[in-house]
Amino acid sequence: MLQVPFIRDNKAAVIAGLAKRHFDAKDLVEQVIVLDDERRALQTKLDNTLAESNAMSKEIGNLYKSGKAAQANQLKEKTSALKETSKAFGDHLNTCLEKLQNLLYQLPNVPHDSVPAGKSEEDNEEIFNEGSIPELYAGAEPHWELAKKYDIIDFELGNKIAGAGFPVYKGKGARLQRALIAYFLDKNIAAGYTEYQLPLLVNEASCYGTGQLPDKEGQMYHDAQDNLYLIPTAEVPGTNIFRDVLLNEAELPVSITGYTPCFRREAGSYGAHVRGLNRLHQFDKVEIIRVEHPDHSYKAFDGMIEHVKGILRELKLPFRILRLCGGDTGFPAAMTYDFEVFSTAQDRWLEISSVSNFETYQANRLKLRFKNSAGKNELAHTLNGSSLALPRVLAGILENYQTEKGIEIPEILVPYTGFSIID
RNA sequence: GGAGAGUUGGCAGAGUGGUCGAAUGCGGUAGUCUUGAAAACUAUUGAGGGUCAUACCUCCAGGGGUUCGAAUCCCUUACUCUCCGCCA
């Protein structure tokens with residue numbers, strides 16, 4: 001959520017920044033300012049009324065104490081009118097605040113200066129490309145065929161047990177998956193991240209904290225009985241660790257990592273592009289999350305990019321990095337880089353990681369602050385990224401490492417899998 | 001699931017109707033002392049709104065109520081703890 005004083009002071013910049021998302025913020029921004037003016041005026045009126053009745057109450061108390069009950073009773077009669085006016089101002093103020101809140105929820109984060117304008121994924125900038133795309137043998141197949149051929153992922157069985165989008169991994173498929181999780185976590189820990197095991201169900205407040213609510217209500221699985229949501233990403237429980245937290249400056253930066261399954265309803269997305277492992281209702285992901293001093297958050301961002309690069313290099317997968325344009329950058333993010341692995345047999349790029357700096361947008365909702373060197377409480381910056389999303393890495397390995405003899409296991413993973421080929 | 005107890009500032013923990021935004025301790029900050037540090041001592045230290053700055057207002061888990069006046073009484077929701085039941 002953007003801060004109102006920031007919007008007031010940087011009105012033109014906010015509108016221009018959001019234009020890069022093809023988001024016309026002009027009316028919203030105007031409304032925010034008008035409502036905020038109204039809010040202030042009402043607050044002042046309410047405060048004055050309350051001050052008056054506070055003074056009166058004090059006087060009544062004093063009169064009683066000094067035995068002047070008759071005078072006190074006389075004063076009491078005057079309080080009812082004050083009560084009514086303060087109630088009216090209070091109600092008015094509340095509706096005003098509610099409206100303001102709603103407006104603020106509608107404003108996405110202002111993109112960083114370096115973010116290109118653009119409408120959709122076609123306007124994203126490729127800023128990095130590494131690894132050669134392997135020449136596959138004549139009979140090379142997409143991963144869903146390979147999965148069947150080597151009996152490592154059973155989509156039909158998942159359909160039977162749960163439904164589409166819930167694959168069953170078995171044998172070496174399951175073991176490879178587990179190896180990847182362990183490898184990613186070890187890499188993250190070696191880079192200074194602390195491992196967490198987090199709840200997979202979260203409450204409403206946490207969903208508001210990271211912005212899944214109110215915007216993305218229908219995209220999460222919801223247990224109505226207990227009013228809990230299945231997490232769509234570890235970002236939700238991981239970042240909400242810091243909801244309503246005041247850190248000391250010396251405690252920054254905070255770096256955490258965690259493996260969790262992720263659950264997404266993905267309502268309405270079917271078809272060829274979601275075949276196999278491309279899009280699932282349940283998938284595994286290892287996430288990295290950082291809380292940073294505002295002065296260092298972009299340095300941390302670069303560090304996260306390098307870190308993910310390092311993992312993909314070790315896996316020897318061909319990948320590229322995209323700087324997302326304004327239109328494709330997620331609602332709460334100021335800047336996002338996507339990592340994509342080339343899926344040889346499908347002849348397309350698959351997103352496997354997304355690293356974002358939210359600056360203070362999430363922190364403002366979360367009330368995540370730190371005491372700065374001047375002794376003032378200041379909003380921290382939050383960042384997160386995947387390292388990595390499992391199914392598409394798996395798809396990338398299956399497709400890029402397939403040979404006539406079977407699927408080779410990237411060397412770095414062999415100590416984790418305990419086998420070097422799936423055949 | 002049943003019964004009971006609790007939720008107070010960065011943390012711990014007093015406070016049961018009127019100078020309580022809240023004792024005390026820890027922690028933080030500044031200073032004295034010290035070559036420097038530690039210890040000790042002294043001072044200072046909750047958050048938000050509002051103002052040029054004051055004034056002033058709000059906040060003692062969330063919401064509602066009683067009262068001239070609520071951290072304190074009542075209702076309600078959430079959470080925590082203890083006991084019983086159930087259970088990997």
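In this briefing, a residue counts as buried if it has under 20% relative accessible area, as exposed if it has over 50%, and as partly exposed in between, using a 1.4 Å probe and the protein chains only. With that in hand, look at helix α12 (residues 390-400): 11 of its 11 residues are buried, so this helix is largely enclosed by the rest of the structure. Helices (H or I, at least four residues) and strands (E, at least two) are DSSP runs, numbered from the N terminus.

A quick word on the ground rules. This is a predicted model, where local features need pLDDT of at least 70 and side-chain atom pairs count only at pLDDT 80 or more, while totals for chains, interfaces and linings use all residues. Residues are numbered from 1 along each chain as its sequence is written, chains are lettered from A and ligands numbered from 1 in the order in which they are written, and side-chain values use heavy atoms, with hydrogens and water left out.

**The whole chain**

- Chain A has 13 helices and 19 strands.
- Its C-alpha trace spans about 100 × 45 × 45 Å along the principal axes.
- Of the 423 residues in chain A, 49% are buried.
- Contact means heavy atoms within 4.5 Å. Take the contacts in chain A with a separation of 6 or more: 73% of them are between residues 24 or more positions apart.

**Inside helix α12**

- The buried residues of α12 include Leu 390, Pro 391, Val 393 and Leu 394.
- Arg 392 and Glu 399 are on that buried list too.

**Two domains**

- Chain A splits into domain 1 (4-106) and domain 2 (121-422), with bounds that come from an automatic or database domain assignment.
- Where they meet, five residues of domain 1 are in contact with 11 residues of domain 2.
- Together the domains bury about 570 Å², 48% of it on carbon and sulfur atoms. Buried area here is the accessible area (1.4 Å probe) that two parts lose on being put together, summed over both.
- On the domain 1 side, Lys 20, Arg 21 and Tyr 105 lose the most area to domain 2, together 87% of what that side buries.

- You'll find Phe 331 in the loop between β11 and β12 (335-343).
- Phe 331 is partly exposed, at 27% relative accessibility.
- Phe 331 and Arg 21 sit 310 residues apart in sequence, but 9.4 Å apart in space, C-alpha to C-alpha.
- Leaving aside neighbours within four places in sequence, Phe 331 is in contact with Arg 21 and Tyr 105, among others.

**Around RNA strand B**

- A residue is near the strand if one of its heavy atoms lies within 4 Å of it.
- RNA strand B is surrounded by 17 residues, and the closest are Arg 39, Asp 47, Asn 54, Ser 57 and Lys 83.
- Those near residues divide into four nonpolar, six polar and seven charged. Here Ala, Val, Leu, Ile, Met, Phe, Trp, Tyr, Cys and Pro count as nonpolar, Asp, Glu, Lys and Arg as charged, and the others, Gly among them, as polar.
- A polar backbone atom of Ser 57 is 2.9 Å from a base nitrogen of the RNA.
- A phosphate oxygen of RNA strand B lies 3.5 Å from a polar side-chain atom of Lys 371.
- The elements giving two or more residues to this surface are α3 (26-65), α4 (69-106) and β14 (368-371), and the largest share, 10 residues, comes from α3.

- Leu 252 and Pro 253 are joined by a cis peptide bond, with omega about -5 degrees; Pro 253 lies in the loop between β8 (245-248) and β9 (254-263).
- Another cis peptide bond joins Ser 387 and Leu 388, with omega about 5 degrees, and Leu 388 lies in strand β16 (residues 381-389).
- Lys 316 has a positive phi of about 55 degrees although it is not a glycine. Lys 316 is exposed, with a relative accessible area of 57%.

Methods: Polar contact = N/O pair within 3.5 Å; in protein donor to acceptor, adjacent residues only side chain to side chain.
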